[in-house]
Amino acid sequence: MITQEKYRTTVKELLANGSIKMAIGYRPGSTSDRRRPLFIRTSEEADQLVLDSTCITNLSGYLVTEGLLSDEKRVGIFLRPEGIRSINILAAEYQLNVDQIIIFGFDFTGREVRALQGQTTGDFSALLSEIRENPPLATKEPLLERIEKMNAKERFDFWQQEFSRCIKCYACRQACPMCYCRRCIVDSNQPQWVNTSSHTLGNFEWNVVRAFHLSGRCVQCGNCDRACPVNIPLRLINQRMAKEVVDGFDHFAGLSPTQEPVLASFKKDDTETFIL
Amino acid sequence: MSEPFEPKIVAFVCTYCTYAGADLAGTSRLKYAPNVRIVRLPCTGRISPMFILKALQKGADGVLVSGCHPGDCHFTHGNYHARRRWMVFRALLDFTGISPERVIFSWISAAEGSKFADLINSVTEDIRKLGPFDQYQQLIKETESPATL
Ligand code: SF4
Ligand code: SF4
């Protein structure tokens, strides 16, 4: 509550003195545990701002909305640490200029919301390094361990069952802040790489491609996982791939706005034990 | 009467090293398994993981990807980029149930004609032992569009 009030005041001040043209935050949704994005341009709108432990969505994807940042004015945004990481990745991929982003950082333990100190991505670098060293315990997934123990056949069956439910709504893509391509590979038809029908093969291909394109870029904010209407555990694939780039290339995505994207860079001595 | 299983393998190779190596194997009259269909590309950096998925989609039982040894790339570092991508993609396939034994990566230079022949033979044998990729073939069948390989 106190954090929410404090932030309402800050947003109003920054809007009034022209430091930001808009703030992106949360407002009440259709049920008490749901939140919707709120785009604050006036001080009345700032009064609708809500900040509590149900504000879990990573809002950073809204920043790459076409034209939003092209006037070079600043925009404020409410972000948890994952969100700050996605801003860094978007900046590293030249999708936005971090100088235009004012961060209202927050996080929560249980229901207790607290503000994070800082305003620009640089202010949070110590926090992000700390998260890298000690990832939150909540990320332990018993199901992931079960899959790791399966053989290839069992894994294929497991994922086939999961993916057979996919309806190709692409909500996972729309919800993901890292999926900003104007033309996604699944929408290309010359050539058509991925089967667009919603049969299991097409679903399998789509999900493999989605996960591959997010490898080393995903911050595990969980937007995709929550958006999926048929509850495919996308987080498991994301986690597995994040582990791969940390173990293989010592790459923790989103540490800084100048970090080189892991699949657009290389080291001459990268491991290659699997290459004959 | 059922015919014995002959694995279908698609090989994506770069034109400067592995394709030249395959050529050398041919001009040296080396015999190797006829199960491989070679697709030549300008560089390993051009070999998109989508190609691998496409080969499987068309009914391949195995895929081989090969190019110049590190340091030998005609475009200086296409293969370094490819190497990272392969590692990640391979892990992803493994995690989703496509055995790494079906998707093989190698470096073969223009001078390694015999390595090429040996590799094709051993990969063909390995995949013959694994058998047809039934699980994938089942999915292809459900799509009602034919596996054209
Ligand atoms: S893939 Fe999912 S968890 Fe990862 S950044 Fe995108 S929405 Fe977030
Ligand atoms: S959100 Fe779920 S159902 Fe929709 S395309 Fe993504 S995986 Fe498929």
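User: Which residues form a disulfide, and how far apart are their sulfur atoms?

Analyst: This is a predicted model. Over all chains, the structure holds 1 disulfide. A disulfide needs sulfur atoms within 2.5 Å. Cys17(B) and Cys68(B) form the link, with their sulfur atoms 2.2 Å apart.

User: Why does the pair Cys17(B) and Cys68(B) tie together parts that are apart in sequence, and how many residues apart are they?

Analyst: Cys17(B) sits in the loop between strand S1 (9-14) and helix H1 (18-27) of chain B. Cys68(B) sits in the loop between strand S3 (62-67) and H3 of chain B. The pair therefore ties together parts of the chain whose separation in sequence is 51 residues.

User: Are Cys17(B) and Cys68(B) buried or exposed, and what is the handedness of their link?

Analyst: Both Cys17(B) and Cys68(B) are buried. The angle about the S-S bond is 100°. The link of Cys17(B) and Cys68(B) is right-handed.

User: Which residues of H2(B) and H3(B) meet, and how do the residues of the contact divide?

Analyst: The axes of helix H2 (residues 49-57) and helix H3 (residues 78-96) of chain B come within 10 Å and cross at roughly 40°. From H2(B), Pro49(B), Ile52(B) and Leu53(B) meet Arg85(B), Phe89(B) and Leu93(B) in H3(B). The residues of this contact divide into 5 nonpolar, no polar and 1 charged.

User: In what order do the strands of the open sheet in chain A run, and which are the edge strands?

Analyst: The sheet has 5 strands with mixed pairing, in the order S2-S1-S3-S4-S5 (chain A). From one strand to the next, the twist averages 30°. Strand S2 (35-40) and S5 of chain A each pair on one side only, and they are the edge strands.

User: In which sense does S4(A) pair with S3(A), and in which with S5(A)?

Analyst: Strand S3 (residues 75-79) of chain A and S4(A) share 5 bridges in the parallel sense. Here Phe78(A) stands opposite Phe104(A).

User: Which residue in the hairpin of S4(A) and S5(A) takes a positive phi?

Analyst: The hairpin has 2 residues between the strands. Phi is near 60° at one residue there, Gly110(A).

User: At what angle does helix H1 of chain A run to S4(A)?

Analyst: Helix H1 (residues 2-16) of chain A lies across strand S1 (22-28), S2, S3, S4 and S5 of chain A. Its angle to S4(A) is about 175°.

User: Where is the cis peptide bond at Pro191(A), and what is its omega?

Analyst: Most peptide bonds are trans. Pro191(A) lies in the loop between helix H7 (171-175) and helix H8 (200-214) of chain A. The cis bond joins Gln190(A) and Pro191(A), and omega is about 0°.

User: Is Asp250(A) buried or exposed, and what is its phi?

Analyst: Asp250(A) falls in the segment after helix H10 (234-249) of chain A. The relative accessible area of Asp250(A) is 53%, so this residue is exposed. Phi of Asp250(A) is positive, near 55°.

User: How far apart are the C-alpha centres of domain 1 and domain 2 of chain A?

Analyst: Chain A is divided into domain 1 (2-134) and domain 2 (138-264). Contact involves 23 residues of domain 1 and 20 residues of domain 2. The C-alpha centres of the two domains lie 25 Å apart.

Key
Residues numbered from 1 in each chain as written. Chains lettered and ligands numbered in written order. Predicted model: local features only at pLDDT ≥ 70, side-chain atom pairs only at ≥ 80, totals over all residues. Heavy atoms only, no water. Axes fitted to C-alpha atoms, helices over the stretch in contact; angles between N-to-C directions. Helix = DSSP H or I, 4+ residues; strand = E, 2+ residues; numbered from the N terminus. Contact = heavy atoms within 4.5 Å. Nonpolar A, V, L, I, M, F, W, Y, C, P; charged D, E, K, R; others polar. Pairing = 2+ DSSP bridges. Buried < 20%, exposed > 50% of the residue type's maximum accessible area, 1.4 Å probe, protein only. Domains from an automatic or database assignment.
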